[in-house]
Amino acid sequence: MISTWFLYALLTAGIYSVIALLSKVVSGVEIDDPLTLAIYNCIPFYAVYVLVGLVLEWPAIRNSLGGVGGEGVPGAEPVPIAVALGFGVVSTIAYGIYYWGLVNGDVSRFVPALSIETVFVLVLGFLVLDEAFPSGVYAGVGLVVFGALFISYDREAGSIRESLTFSTVGVAILAAIAFAVFNTGMKVLTDGFGTVEILFWISLGGLASIAAVVPFRADGGVEPNPADLLAGRVRLTKGTKLLLVGGLLNAVGLFTFIRALENGPVSLATAITKLDVMMVFVGALTLSKLAPAILEEQFDPFTLAQKASASMIVLVGSALIQFSY
C-alpha cells in the first residue's frame with residue numbers, strides 16, 4: 001500500500017513542476033529580474049496563509065502568543081514563534097536564489113540540479129531529527145540525485161566538469177542548501193504547531209522579508225503599484241498574472257508538502273518531490289514541440305535520450321525509496 005506521505009509528496013512534485021514551467025515561460029518572455037519573479041511568486045501564497053491563518057486558526061495563534069489562563073501551550077514561548085518567522089525569511093532567500101538560477105539557466109537542467117538538496121536534507125535530518133533508514137532507501141536517494149545531475153550534463157560543453165558550470169550547479173547548491181534548511185525547519189515546527197499555523201508564521205516572516213528586499217529590485221519598488229491596481233488605473237500583464245497563479249499554486253504545494261512532513265520523514269518526502277525533474281522534462285518537451293514561441297528548449301536526439309533515461313533513473317530511485325522504507 002502506498003504511504004500517505006508518499007502521495008502528498010508526489011502531489012507536491014506535480015505542483016512544483018507546473019510552477020517551474022510557468023516561471024520559465026515568464027522569465028523567458030517578459031520578466032528577467034529574479035527579485036521580481038520571487039516577489040510576485042511569494043506574495044500570493046504568503047498573503048493567502050496569513051489571511052487563512054487569521055480566519056481559521058486565530059485561537060491557536062492567540063494561544064501561541066500568550067497562552068490561555070496561564071497554562072502552557074505548544075509554541076507559547078517566543079522562541080518557537082521567532083524560529084518560525086525566521087524560516088519565512090529563509091523561504092524568501094531560497095526562492096530568490098532559485099529564480100536567479102532559473103532566469104539564467106535552462107529550466108530542464110537547473111531544476112534537476114536542485115535535486116542535490118536531498119543530500120543536504122539527509123544530513124540535516126540525521127543531525128537534527130535522528131532520521132535513519134534501510135540501505136535500500138539510501139540507494140534510492142542516490143539514484144534520484146544521480147539521475148537529476150545526469151540531466152544537467154551538457155554534451156556541447158565538452159566535459160562534465162565544464163558543463164556543470166556555476167550557473168547551474170553552483171547556484172543550485174546555494175538554493176538547495178536554503179531549501180534544505182527550510183524543509184527541515186518545517187518538519188521541526190510540526191511538533192509544536194498545526195499545519196495552517198505553521199504556514200501562518202512562515203508567511204508572516206516571509207512577507208516581512210519581501211518588504212525588506214523590494215527596494216533592491218532592478219527598477220526599484222513594486223510595479224505595478226498595488227494602489228493603482230486597486231483603483232483600476234493599471235492592469236496586470238500576462239506574465240505577472242502567470243506569476244501570481246504560480247504563487248497560488250505554491251500555496252497549495254506548501255500545504256501538501258507539510259502534510260507529507262506530518263506523516264513521514266523530511267528526507268524521503270524531499271526526495272520524492274524531486275520527481276518534478278521528470279515532470280518538468282515532459283512539460284518542457286511538450287511545450288517545445290507544441291508551442292516553441294512560449295518555451296524553446298534544446299531537444300536533439302542525444303539530449304532527448306539523455307533526459308529520458310535520467311528521468312527513468314529518478315523514477316526507479318523514487319520507487320526504491322517507497323518500497324524500501
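Asp 130 lies in the loop between helix 6 (117–129) and helix 7 (135–151), where helices are DSSP runs of H or I with at least four residues, strands are runs of E with at least two, and both are numbered from the N terminus. This is a predicted model, in which local features need pLDDT of at least 70, side-chain atom pairs count only at pLDDT 80 or more, and totals for chains, interfaces and linings use all residues. Residues are numbered from 1 along each chain as its sequence is written, and side-chain values use heavy atoms, with hydrogens and water left out.

The phi angle of Asp 130 is near 60 degrees, a positive value in a residue other than glycine. Is Asp 130 buried or exposed? Asp 130 counts as exposed because its relative accessibility is 65%; the cut-offs are under 20% relative accessible area for buried, over 50% for exposed, and partly exposed in between, with a 1.4 Å probe and protein chains only.

Across the protein, 51% of the 325 residues count as buried. The secondary structure comprises 15 helices and 0 strands.

I turn now to helix packing. Two packed helices are described by the angle between their axes and the distance between the axes. The axes of helix 14 (residues 276–290) and helix 15 (residues 301–324) come within 9 Å and cross at roughly 150 degrees; axes are lines fitted to C-alpha atoms, for helices over the stretch in contact, and angles run from 0 to 180 degrees between N-to-C directions. Helix 14 is therefore roughly antiparallel to helix 15, given that angles under 35 degrees count as roughly parallel, over 145 as roughly antiparallel, 65 to 115 as roughly perpendicular and the rest as oblique.

Which residues of helix 14 and helix 15 make the contact? Helix 14 contributes Met 278, Phe 281 and Leu 285, and helix 15 contributes Leu 304, Lys 307, Ala 308, Ser 311 and Leu 315, contact meaning heavy atoms within 4.5 Å.

A second pair is helix 2 (residues 34–56) and helix 10 (residues 195–213), whose axes come within 8 Å and cross at roughly 140 degrees. Helix 2 is therefore oblique to helix 10.
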